[in-house]
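Please read the following report alongside the sequence and the model.

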Amino acid sequence: LSTHLILLYFHPTNLAMAFVSSFTPTLSRTVLSGNVCSAPRFSMMAKSPSVPFMEVPEAISEEMPGYVGFDPFNLSSYMNVKWMQEAEIKHGRVCMLAILGLVVAELYTFPFYSGAPHLAINRHDWGVENGSMKQILLWCSFFEIMTMPALVQMLNGQGDRVPGDFCFDPLGLGKDPAKLAV
């Protein structure tokens, strides 16, 4: 009889339920309490479209751009969602500029940087020694300081600014709302 119970407890279906129970607290209470044969209790909250066995995060709205209900660590309940969106957009923009700088530095050397190495890995060390990396730090710090008031106003709800929008459009490309919608 004890061998039969051990085989029933380590049955592949029960092992799979134990794995899935690590993501859903109501199921883990059922599996870990020893009631392996009893039906698990599920909550009736809406399930996430991206991770169907998890519930939809409360702080994330379906009107958000790119909504798929993905917040597996439930960060939206601890942090301001607008702040996280702003950080994600800012990091994406910095990465795009970094890739552009990497490609331009590989293909073209400015005349005043004639002694710079051509490979990016060597160019970093050269930039640190000559002080050009300090310029990057200076300009990034300046940009962060200048955008901080807009970020604080958005987080306090004092304005209708959406994350990532600084109304910086020197070429006037965003004046036509029909073109922006595309």
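Among contacts in the protein chain between residues at least 6 apart in sequence, what percentage join residues at least 24 apart? The share is 22%, a value that belongs, like everything below, to a predicted model.

**The chain as a whole**

Of the 182 residues in the protein chain, 18% are buried. The accessible surface of the protein chain amounts to about 14300 Å², and carbon and sulfur atoms account for 69% of that surface.

**Helix α4 and its surroundings**

Helix α4 spans residues 81-107 and consists of 27 residues. From its first C-alpha to its last, α4 reaches 39 Å, which is close to the 39 Å expected at 1.5 Å a residue. Four of the residues that are buried in α4 are Val81, Glu86, Lys90 and Ala105, and the cover over the buried residues of α4 includes α5 and α6.

**A nonpolar patch on the surface**

A nonpolar patch on the surface is formed by Leu97, Ile99, Leu100, Leu102, Val103, Val104, Leu107, Tyr108, Phe110 and Phe112, which together have about 1000 Å² of accessible area. One of these residues, Phe110, sits in the loop between α4 (81-107) and α5 (120-130). Is Phe110 exposed, buried or partly exposed? Phe110 has a relative accessible area of 39%, and is therefore partly exposed.

**The aromatic pair**

How many aromatic pairs does the structure hold? There is one, and in it the rings of Trp139 and Phe142 have their centres 5.8 Å apart, while their planes stand at 85°, so the pair is edge-to-face. The angle decides the label, because planes over 60 degrees apart count as edge-to-face. Both Trp139 and Phe142 belong to helix α6 (residues 132-156), where they lie three residues apart, about one turn of the helix.

| Residue | Relative accessible area | Class |
|---|---|---|
| Phe110 | 39% | partly exposed |
| Trp139 | 55% | exposed |
| Phe142 | 45% | partly exposed |

Within the edge-to-face pair, then, Trp139 is exposed at 55%, whereas Phe142, at 45%, is partly exposed.

Technical notes: Residues numbered from 1 in each chain as written. Predicted model: local features only at pLDDT ≥ 70, side-chain atom pairs only at ≥ 80, totals over all residues. Heavy atoms only, no water. Patch = residues over 30% accessible without salt bridge, like charges linked within 9 Å, V, L, I, M, F, W, Y side chains within 5 Å. Areas by Shrake-Rupley, 256 points an atom, 1.4 Å probe, with all protein chains shown as cover. Salt bridge = Lys/Arg side-chain N within 4 Å of Asp/Glu carboxyl O. Helix = DSSP H or I, 4+ residues; strand = E, 2+ residues; numbered from the N terminus. Buried < 20%, exposed > 50% of the residue type's maximum accessible area, 1.4 Å probe, protein only. Phe/Tyr/Trp six-rings, centres within 6.5 Å; stacked < 30°, edge-to-face > 60°. Expected span 1.5 Å × (residues − 1). Contact = heavy atoms within 4.5 Å.
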